[in-house]
Amino acid sequence: MNHVARFFRKMWILVRRENVRGELAEEMACHREHAEQEFQADGMLREAARYAARRQFGNATQTLEQSRDVVSFGVETALQDFRFAIRQLRKNPGFAATAILRGSHGSLALRVAIYLQRLPETNSDCDTQSGFRCFREVSLAFV
Amino acid sequence: MAKKSDLIPGTLDMLILKTLTRAPQHGYGIALSIKRLSQDVLTVEEGSLYPALQRLLLQGWVKAEWKKTETNRRARYYTLIAAGRKQLGAELSQFDQMSAAIGRVLQDT
């Protein structure tokens with residue numbers, strides 16, 4: 001039962017993820033402000049208090065991400081990774097094109113090579129066989 | 001003054017839940033309360049406080065609502081709910097057992 005409730009809570013958080021992120025950021029900003037006020041009350045100057053509060057809070061972005069990770073699905077992380085990969089490929093279209101072409105061309109050439117290699121075994125005709133052997137060498141060189 | 005030390009692992013949830021038994025609090029209030037009650041020995045890092053609060057919300061042990069603070073600012077207040085109270089009871093008895101066991105080992109001569 002607990003797992004089901006937790007699943008639905010996670011779903012709800014996923015649906016309103018932008019709000020959740022904003023709320024966390026606001027909450028942490030509020031925390032920093034409180035700390036700043038306390039430092040000021042202790043007699044610190046405004047700027048010094050702000051700096052001290054920031055320093056005490058540490059890496060806000062990291063805290064935000066860690067807090068979000070607690071409530072996010074594993075799938076969401078996978079989706080983020082996928083989006084990141086797509087973005088990287090878009091940023092570098094030359095690399096993307098090479099990778100795709102090279103990948104498909106490589107596997108195609110390999111398939112042709114294997115096909116040609118297999119054929120002679122079932123073919124008894126000598127001339128055809130040597131012809132295929134020639135093809136095979138060319139195609140293997142291509143791979 | 002005692003040296004500021006890290007919390008014993010696994011006790012943060014219990015300390016937060018215990019703090020909330022007195023009154024609903026916002027994140028900063030919880031951290032301050034733990035710091036004051038422990039006479040500055042325990043400091044809750046914000047880096048562990050906010051992930052912990054999210055975890056407690058997810059478990060359904062606390063609920064959160066936005067309210068105005070004394071200084072008329074919007075803050076998220078956490079309130080302990082029945083399931084959280086039950087969880088606190090379980091964690092307290094587990095902690096008692098553990099500290100009694102450690103005590104027995106340390107007192108052995």
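At 16% relative accessibility, E23(A) counts as buried (buried means under 20% relative accessible area, exposed over 50%, and partly exposed in between, with a 1.4 Å probe and protein chains only). E23(A) forms a salt bridge with R76(B), and their closest N and O atoms are 3.1 Å apart. For a salt bridge, a side-chain nitrogen of Lys or Arg must be within 4 Å of a carboxyl oxygen of Asp or Glu. The pair crosses between chains, from strand β3 (residues 74-80) of chain B to helix α2 (residues 17-41) of chain A. Helices (H or I, at least four residues) and strands (E, at least two) are DSSP runs, numbered from the N terminus.

This is a predicted model, where local features need pLDDT of at least 70, side-chain atom pairs count only at pLDDT 80 or more, and totals for chains, interfaces and linings use all residues. Residues are numbered from 1 along each chain as its sequence is written, chains are lettered from A and ligands numbered from 1 in the order in which they are written, and side-chain values use heavy atoms, leaving out hydrogens and water.

What is the relative accessible area of R76(B)? The value is 8%, so R76(B) is buried. R76(B) also meets the side chain of E27(A) in a salt bridge, at 3.0 Å from N to O. Because E27(A) lies in helix α2 of chain A and R76(B) in strand β3 of chain B, this pair joins two chains. E27(A) is buried, as is R76(B).

## A link within chain A

Over all chains, the structure holds twelve salt bridges. One of them pairs R50(A) with E36(A), with the closest N and O atoms 3.5 Å apart. Here distant parts of the chain are linked: R50(A) sits in helix α3 (residues 46-57) and E36(A) in helix α2, 14 residues apart. R50(A) is partly exposed, with a relative accessible area of 29%, while E36(A) is buried at 14%.

Salt bridges with shared partners also join R16(A), E23(A), E27(A) and R76(B) into one network.

Which residues form a positive surface patch? They are R17(A), R83(A), R87(A) and K91(A). Patch residues have over 30% relative accessible area and no salt bridge, with like charges joined within 9 Å and nonpolar side chains (Val, Leu, Ile, Met, Phe, Trp, Tyr) within 5 Å. Helix α5 (residues 74-91) of chain A gives the most to this patch, with three residues. R83(A) is found in helix α5, and at 46% relative accessibility R83(A) counts as partly exposed.

Methods. Accessible areas come from the Shrake-Rupley method with a 1.4 Å probe; for residues, only the protein chains shown count as cover. Lys and Arg count as positive and Asp and Glu as negative; His and the chain ends are not counted. The place of a charge is taken as NZ of Lys, CZ of Arg, CG of Asp or CD of Glu.
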